[in-house]
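Here are my notes on this model, as numbered points. Please read them with the structure open.

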Amino acid sequence: PTISFVHPDGKSDRVETSDGESAMQVATRHGFDGILAECGGNAMCATCHVYVDENWIARLPAMAEDEDALLDGTAAARLPNSRLSCQIRITPDLDGLVLKLPERQV
Ligand code: FES
């Protein structure tokens, strides 16, 4: 599946992913500054915060309680389309997913 990251300056990158990778792993593999992922994907840091494109938000699996709780502590404002990218597992049906990177993670 191919997904896109939109950077805070409006530029976007379309990148290839492998099935089963998390969106956080894809972003860090490409060295995108917008994702810190301090806890390494364990749903403990909230520095992998992303805004999911409106067209996609309903198509992602529901978030778990720990993700919901962590999103209350993000550096950039939590919005209705906020998610933790380490908890977004890429599957074939997410081909075309668009994630916006927040201004800051800390
Ligand atoms: Fe830490 Fe996602 S990488 S919560």
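1. Strand E3 (residues 49-52) is covered on both faces. His49 and Tyr51 are buried on one side, Val50 and Val52 on the other. Buried means that 20 or more other C-beta atoms lie within 10 Å of the residue's own; 12 or fewer makes a residue exposed, and anything in between partly exposed, with C-beta atoms placed from the backbone. In a regular strand the side chains alternate between the two faces of the sheet. Strands here are DSSP runs of at least two E residues, helices are runs of at least four H or I residues, and both are numbered from the N terminus.

2. This is a predicted model, in which local features need pLDDT of at least 70, side-chain atom pairs count only at pLDDT 80 or more, and totals for chains, interfaces and linings use all residues. Residues are numbered from 1 along each chain as its sequence is written. The chain's mean pLDDT (the predictor's confidence in each residue, from 0 to 100) is 97. A pLDDT of 70 or more is reached by 100% of the residues. The model's ipTM is 0.99 and its pTM 0.96.

3. E3 has two partner strands to check. With strand E4 (residues 82-84), E3 pairs antiparallel over three bridges. Pairing requires at least two DSSP bridges between the strands. His49 sits opposite Leu84 of E4. With strand E5 (residues 98-100), E3 is again antiparallel, through two bridges. There Val52 faces Leu99.

4. E5 also pairs with E1, in the parallel sense, over three bridges. Val6 has Lys100 in E5 as its bridge partner. Strands of a sheet pair through backbone hydrogen bonds, either parallel or antiparallel.

5. What is the strand order of the open sheet of five strands? The order is E2-E1-E5-E3-E4, and the pairing is mixed. E2 and E4 stand at the edges with a single partner strand each, so one side of each has no neighbour in the sheet. Neighbouring strands are turned by 35° against each other on average, direction ignored. The axes behind that angle are lines fitted to C-alpha atoms, for helices over the stretch in contact; angles run from 0 to 180 degrees between N-to-C directions.

6. Ser12 lies in E2 and is partly exposed, because 14 C-beta neighbours fall inside 10 Å. Beyond its neighbours within four places in sequence, Ser12 contacts Ser4, Phe5, Val6 and His7. A contact means C-beta atoms, placed from the backbone, within 7 Å. Ser12 and Leu101 are 89 residues apart along the chain, yet their C-alpha atoms are separated by 9.8 Å.

7. The overall pattern reads β-β-α-β-α-β-β. The radius of gyration is 12 Å, close to the 13 Å from the globule rule for 106 residues, so the chain is as compact as a globular protein of that length. That radius is taken over C-alpha atoms; the rule is 2.2 Å times the number of residues to the power 0.38. Along the principal axes, the C-alpha atoms fill a box of roughly 30 × 30 × 25 Å. Buried residues make up 29% of the chain. Of contacts between residues at least 6 apart in sequence, 67% join residues at least 24 apart.

8. The largest nonpolar core holds 21 residues. Such a core is a set of buried Ala, Val, Leu, Ile, Met, Phe, Trp, Tyr and Cys residues joined through C-beta atoms within 7 Å. Ala23, Met24 and Leu99 touch the most other members. Strand E1 (2-6), helix H1 (23-29) and strand E3 each give two or more residues. H1 supplies the largest share, four residues. Leaving out residues up to four places away, Met24 touches Ile35, Ala37, Gly41, Cys48, Ser85 and Cys86.

9. Ala37 has a positive phi of about 55°, and Ala46 one of about 65°. Most residues other than glycine have a negative phi, and most peptide bonds are trans. Ala37 is in the loop between H1 and E3, and Ala46 is found in the loop between H1 and E3. Ala37 is buried, because 21 other C-beta atoms lie within 10 Å. Ala46 is buried with 24 such neighbours.

Technical notes:
Two residues are in contact if their C-beta atoms, placed from the backbone, lie within 7 Å.
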